[in-house]
Amino acid sequence: MKPGREGGSERPTARGDESLLARAVETGRVHSAYLLSGPGPAPRAAAERFVRALVCSGSSPPCEACPSCLKSRGREEIALDGQGRRGPLYRHLGDHPDLYWVERGADDTRVRIGQIRALQGPLRLRTQEGGRRAAVIADAEWLNQEAQNALLRLLEEPPADTCLVLVSASAAGLLSTVRSRCQRVVFRTPRSGLLLSEDAEPEVRQTVDRLETLSGASVPEVLDWAESYRGARAPAAEGVGQLLGTAGAWLRDRVVLGARSGRRGFETELAAFATLQTCRRSLAQRNANPQMVAERALLALRAVTRA
């Protein structure tokens with residue numbers, strides 16, 4: 001069965017769970033492209049389960065017992081290199097020849113256009129095992145405009161029996177033409193999961209604590225925080241990306257709590273949201289300075305706390 005092929009307008013969004021993906025596998029009505037977005041590891045893990053289920057021949061996919069599941073079962077991951085010098089441009093899931101995985105190389109600050117172009121070749125050929133195949137584009141927020149335009153060609157003319165799955169911490173940095181061709185699944189972080197849960201990652205809790213104190217921070221203190229993202233670009237950009245993701249969830253919490261308490265008017269929060277989206281797009285560009293991106297985001301967040 002060929003993947004569904006819908007284009008033009010923005011597609012429906014499933015929020016908070018994987019039910020849309022499970023129904024697609026169960027009914028066989030699989031779209032040509034999905035966009036899974038949200039903070040933390042949940043979207044990436046869901047993408048892996050979904051594409052493994054697409055090629056599973058068992059009764060409860062992924063069944064972990066059929067030949068396809070055994071081939072796609074995780075093994076030691078091959079490190080990618082976005083330039084193809086010290087590693088491949090993409091890899092397979094396990095040993096399954098029809099499941100592809102693309103993400104940033106270990107020292108890269110973006111998913112490169114060469115990786116997308118390299119993926120186009122095998123996807124234009126017939127599937128190796130005669131069934132469906134799928135390609136996961138992890139770290140999709142790190143696709144620059146060039147790479148997104150190359151990906152758009154696949155989305156506009158998807159190969160037969162092929163499903164593309166984009167995984168992104170936030171969909172804001174993706175072109176609207178890319179988003180509109182994907183069935184979206186949004187993973188939300190509830191307030192208790194971000195601020196109050198004892199299971200929250202220490203880095204997230206630490207960032208939230210610092211955000212809560214921004215109202216009393218001077219501009220030089222804010223710039224000092226941004227200066228902590230100096231150094232090698234790859235780890236600095238990754239750190240700023242994590243800051244932007246946590247800050248976005250923190251802003252949503254403020255809006256939700258304010259609305260529940262009867263507050264009206266969230267102009268400052270909305271302006272900060274727009275700034276964070278611009279920062280995400282800037283961070284994916286080749287010459288963006290992570291420290292300067294962090295400065296812009298933190299100053300916008302400080303304005304929220306002082307409003």
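These notebook entries record what I looked up in the predicted model.

**Entry 1. Ground rules**

I worked from a predicted model, in which local features need pLDDT of at least 70 and side-chain atom pairs count only at pLDDT 80 or more, while totals for chains, interfaces and linings use all residues. Residues are numbered from 1 along each chain as its sequence is written, and side-chain values use heavy atoms, with hydrogens and water left out.

**Entry 2. The chain as a whole**

I first looked up the secondary structure and found twelve helices and seven strands in the protein chain. Helices (H or I, at least four residues) and strands (E, at least two) are DSSP runs, numbered from the N terminus. Of the 307 residues in the protein chain, 50% are buried; buried means under 20% relative accessible area, exposed over 50%, and partly exposed in between (1.4 Å probe, protein chains only). I then turned to contacts, defined as heavy atoms within 4.5 Å. Among contacts with a separation of 6 or more, 70% come from residues 24 or more positions apart.

**Entry 3. Helices α1 and α2**

How do the axes of α1 and α2 cross? I noted that helix α1 (residues 19-27) and helix α2 (residues 42-55) have axes that come within 10 Å and cross at roughly 5°. That makes α1 roughly parallel to α2. The axes are lines fitted to C-alpha atoms, for helices over the stretch in contact, and the angles run from 0 to 180 degrees between N-to-C directions. Angles under 35 degrees count as roughly parallel, over 145 as roughly antiparallel, 65 to 115 as roughly perpendicular and the rest as oblique.

L21, A24 and V25 of α1 meet F50, A53 and L54 of α2 in this contact.

The buried residues of α2 are P43, A46, A47, F50, V51, R52, A53, L54 and V55. They pack against α1, β2 (33-37), α3 (67-72), β4 (99-102), β5 (133-137) and β6 (162-168).

**Entry 4. Aromatic pairs**

How many aromatic pairs does a search of the whole structure find? The search gave two. Y34 and F50 have ring centres 5.0 Å apart and planes at 75°, so I recorded this pair as edge-to-face. Rings of Phe, Tyr and Trp (its six-membered ring) pair if their centres lie within 6.5 Å; planes under 30 degrees apart count as stacked, over 60 as edge-to-face and the rest as tilted. The pair links distant parts of the chain, with Y34 in strand β2 and F50 in helix α2, 16 residues apart. Both Y34 and F50 are buried.

Y90 and Y100 also form an edge-to-face pair, at 5.7 Å centre to centre and 65° between the planes. Y90 belongs to the loop between α3 and β3 (91-92) and Y100 to strand β4, ten residues apart. Y90 is partly exposed at 23% relative accessible area, whereas Y100 is buried at 5%.

**Entry 5. R104 and D139**

I located R104 in the loop between β4 and α4 (113-123). R104 counts as buried at 14% relative accessibility. Leaving aside residues up to four places away in sequence, R104 touches T109, R110, V111, D139, W142 and E238.

One of these partners, D139, lies in the loop between β5 and α5. D139 has a positive phi of about 60° although it is not a glycine, and it is buried, with a relative accessible area of 12%.

**Entry 6. Further backbone checks**

Most residues other than glycine have a negative phi, and most peptide bonds are trans. I noted a positive phi of about 60° at D161, which is not a glycine. D161 sits in the loop between α5 and β6 and is partly exposed, at 24% relative accessible area. A cis peptide bond joins P61 and P62, with omega about -10°; P62 is in the loop between α2 and α3.
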